[in-house]
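Visitor: I would like to learn how to read a ligand site, a pocket and a loop. Where do we begin?

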Amino acid sequence: MSEILLQIDGKEVKAKEGMTVLEAARSVEISIPTLCHHEKLEPYGACRICVVEIDGRGRSNLAAACVTPVAEGLVVRTRSEKVDKTRRILLELFLAHAPDSPILKDLAQEYGADKDRFAKEASFCILCGLCVRYCAEVAKKNAIGFIERGASREISFIPQIVSQECRKCKGCFSLCPTEALQAAYHLTEALTFPLSSCEPESEK
Ligand code: SF4
Ligand code: FES
């Protein structure tokens, strides 16, 4: 595999063909925030919080680092006025859905995002897709998926699969950057198995 030289935040970085800008940055301990990325899952590029500025031919473009492949001579900036402004607006939008998410609150502090800028939409889900993709790609159960489109898009558990698979797994729980997933799971469980959902966790 051939070696690729690029520059990230003024630092010469050696990467391998096929790596993403995010992987190259992390290989030299340059941190880029992510919300929909997980190393065990296929790149998805949904949240755009990993946006970076890439210079070339006299102009710069914003690109999602988690889905942008490295290329010879690329000049990348992980922090700039444009990058920070984009991340700030994205965080303000996410916070309208999940104002109490500790991950979002920490990032909001770092980027100066105002959690009250947009009217609250009590979905609690930022549609990062981590739960859906983990269940499909790693657990291989497809117990959860997206339903509806546009502003009505949301996650939904499939009760028949939940009843067979989820209690002994719950591998997606720790991935969710908000409280949406556990709430949706417990709601599905309560509606599908109204009596057993009252049992203590240890007896399930
Ligand atoms: S429930 Fe959580 S993990 Fe799943 S898409 Fe929504 S925010 Fe992401
Ligand atoms: S982490 Fe790159 S788009 Fe979400």
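**Reading the loop, the pocket and the ligand shell**

Guide: We begin with N142, which sits in the loop between α4 and β6. Helices (H or I, at least four residues) and strands (E, at least two) are DSSP runs, numbered from the N terminus. This is a predicted model, where local features need pLDDT of at least 70, side-chain atom pairs count only at pLDDT 80 or more, and totals for chains, interfaces and linings use all residues. Residues are numbered from 1 along each chain as its sequence is written, chains are lettered from A and ligands numbered from 1 in the order in which they are written, and side-chain values use heavy atoms, with hydrogens and water left out.

Visitor: What is phi of N142 near?

Guide: Near 50 degrees, a positive value in a residue other than glycine. N142 is partly exposed, at 43% relative accessible area. Buried means under 20%, exposed over 50%, partly exposed in between (1.4 Å probe, protein chains only).

Visitor: Which residue with positive phi follows α4?

Guide: K140, with phi near 55 degrees. K140 also belongs to the loop between α4 and β6. Its relative accessibility is 60%, so K140 counts as exposed.

Visitor: Which residues of helix α4 are buried?

Guide: In α4 (residues 130–138) they are L130, C131, V132, R133, Y134 and C135. They pack against β6 (144–147), β7 and α6. Contact here means heavy atoms within 4.5 Å.

Visitor: How do I read a pocket?

Guide: Rolling a probe the size of a water molecule over the atoms shows where empty space is left. A pocket is an open set of points on a 1 Å grid over the protein atoms alone, where a 1.4 Å probe fits, with protein on both sides within 12 Å along at least five of seven lines; lining residues have an atom within 4 Å of a point.

Visitor: How many residues line the largest pocket?

Guide: There are 32, and S123, C125, L127, R153 and E154 lie nearest the centre. α2 (81–97), β7 (154–157) and α6 (180–192) each give two or more residues to the lining. The largest share, 6 residues, comes from α6.

Visitor: Why does the largest pocket lie between domain 1 and domain 2?

Guide: Because domain 1 (3–111) and domain 2 (130–203) both give residues to its lining. The domain bounds come from an automatic or database domain assignment.

Visitor: Which residues are around ligand 1?

Guide: Among them are C125, C128, C131, C176 and P177. Each has a heavy atom within 4 Å of the ligand.
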